[in-house]
Amino acid sequence: MNNHIIKQFDEELNKLRARLIKMGLMIQEQIENSMKALIHNNQKLALTIISNDDKVDEIDLKIEKQCLKIFALHQPVAMDLRFVISAISINEKMEMISDIASNISKNILSINLALPYQNNTNFSIIAEKLVGLIRKSVDSFTFQDTKLAYEVFNEYLELKKIIKENYNIVIELMKRNPAFIESFTRLIIINRNIHFAANFAVGICEEVVFMVEAKIVKHRLFDFSKPDN
Amino acid sequence: MKDTKIRIESLSVSYGNKPAIKNISMNILKNQVTALIGPSGCGKTTFLKTLNRLNDFNDTIKISGKVFIDDLNIYSKNINVIELRKKTGMIFQKSNPFPKSIFDNVAYGPRVNGIKNKDELYEIVKSCLMKAALWDEVENYLFDSALKLSGGQQQRVCIARALAVNPEILLMDEPASALDPLSTARIEELILELKENYTIIIVTHNMQQAARVSDMTAYLYMGELIEFDKTRKIFTNPSKKQTEDYITGRYG
């Protein structure tokens, strides 16, 4: 890709790109740690995740300001416009993913340490898949790779099924172990939060498709035979 | 689907041996604003001038291909060039009012066309100044010199003057390039109002202006039509890399 005649414009776009990549790495770590904390019921790690959310919020604000600056000073069009518009949306989704990691961690703090939920539920496989999904969505942005984005769309469907199954498993366990009702309720909330995080990963990938291919695939994720919006 | 107002077929123009327009074909739709963009010297103004045969005055020029306005080939031998030019009003980059009163500027064309009745002339002048969104500002100064007006107002006098001969097409060659942002906004607003009744072709170097006022955008580079599509498409997802490089400022 050629450079802009106005170098400052390139610098601003590069700065935005670098900040989003940094944000991507941060939320990846937040999700990875939250899943580790969940699988090992590691409350200390959960506390670290909660405190790290502020750092993500800081960079979220910087990215938003950077986008505003680019709009005000450079009035981007075509690929630049799509990039900045996607950046705003991706930033928002990444920030939400970090909030979810933090929310999962808060719920982990209320799970009874004596409850061996790891072996009886789908959480291990869900955690592995969510971490993969988030990593792939961040990579699809970093490398502007729509092939990865489309993979995420399909993997999300698989994960969704397992999450649904897991919900039923947790409900059954709850019925059999009423003494742990609060912990199981927390696990149901975590299960739901994982679904939300996966949803946002899909949202990031939809933006990547828009940015790279100029196609709006929102709301038509699983039927690409429909004409473009 | 709107009707085609101007149909251009394999148009080529050269000055001596130097080609300025290379084999351009395109349809310009009625009551739409079509923007021509491209770097200096790409042939935008030459192209515009071929649409009302203003290039006729240049002896070195060679024109081939066809330009149809309402299915009439304007380069056929039996065309009445005066009648053609009445159909196509032109507004230039630098406002060029006659050193006369505002009234006389706008009444100039109708007078040449034989209208002498003062009431009739007044009605024409009033209506054209209203269409050019200038009436409220000059109503009480109609007989003052047009040269006393601001740049933006002078340009609107020129638009009113062009409208006074009832054209069907307005050709605008960077009509707001010498104006401040407020006057530019007024001209742009005016263009959007005028397209209800006129077919407008505007040459502009201001990308944002093309994006704001036009329905269709044509990108010309070194006399070639690189891309011609809906403005929304050109400014969000152009098909050609050359267009994208130009509009995003990567040209050069």
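Residues are numbered from 1 along each chain as its sequence is written, chains are lettered from A and ligands numbered from 1 in the order in which they are written, and side-chain values use heavy atoms, with hydrogens and water left out. Chain A comes to 7 helices and 0 strands, while chain B has 10 helices and 10 strands. Helices (H or I, at least four residues) and strands (E, at least two) are DSSP runs, numbered from the N terminus.

**Confidence**

- The mean pLDDT of chain A is 93, and 96% of its residues reach 70 or more; pLDDT is the predictor's confidence in each residue, from 0 to 100.
- Residues 224-229 of chain A stay under 50 in pLDDT, and the model has 11 contacts for them beyond four places in sequence; a contact means heavy atoms within 4.5 Å.
- Where pLDDT is low, predicted coordinates should not be read in detail.

**Chain A: fold and dimensions**

- Read from the N terminus, the elements of chain A run α-α-α-α-α-α-α.
- Along the principal axes, the C-alpha atoms of chain A fill a box of roughly 65 × 40 × 20 Å.
- Of the contacts in chain A between residues at least 6 apart in sequence, 80% join residues at least 24 apart.

**Chain A: surface and charge**

- In chain A, 50% of the 229 residues count as buried; buried means under 20% relative accessible area, exposed over 50%, and partly exposed in between (1.4 Å probe, protein chains only).
- Carbon and sulfur atoms hold 55% of the accessible surface of chain A, which comes to about 11100 Å²; areas come from the Shrake-Rupley method with a 1.4 Å probe, and for residues only the protein chains shown count as cover.
- The mean positions of the 29 positive and 29 negative charges of chain A are 2 Å apart.
- Lys and Arg count as positive and Asp and Glu as negative, with His and the chain ends not counted; each charge is placed at NZ of Lys, CZ of Arg, CG of Asp or CD of Glu.

**Chain B: overall values**

- With 252 residues, chain B has a radius of gyration of 18 Å, in agreement with the value near 18 Å for a compact globule.
- The C-alpha trace of chain B spans about 55 × 45 × 35 Å along its principal axes.
- Buried residues make up 51% of chain B.
- Chain B exposes about 11900 Å², 49% of it supplied by carbon and sulfur atoms.
- The 34 positive and 29 negative side chains of chain B have centres 5 Å apart.

**Selected residues**

- Ser102(A) lies in helix H3 (residues 78-108) and counts as buried because its relative accessibility is 4%.
- Beyond four places in sequence, Ser102(A) is in contact with Ile49(A), Ile50(A) and Asp53(A).
- Val165(B) sits in the loop between helix H6 (151-163) and strand E7 (169-173), and its relative accessible area of 23% makes Val165(B) partly exposed.
- Not counting residues up to four places away in sequence, Val165(B) touches Lys86(B), Gly109(B), Pro110(B) and Asn113(B).

Note on methods: The radius of gyration is taken over C-alpha atoms; the globule rule is 2.2 Å times the number of residues to the power 0.38.
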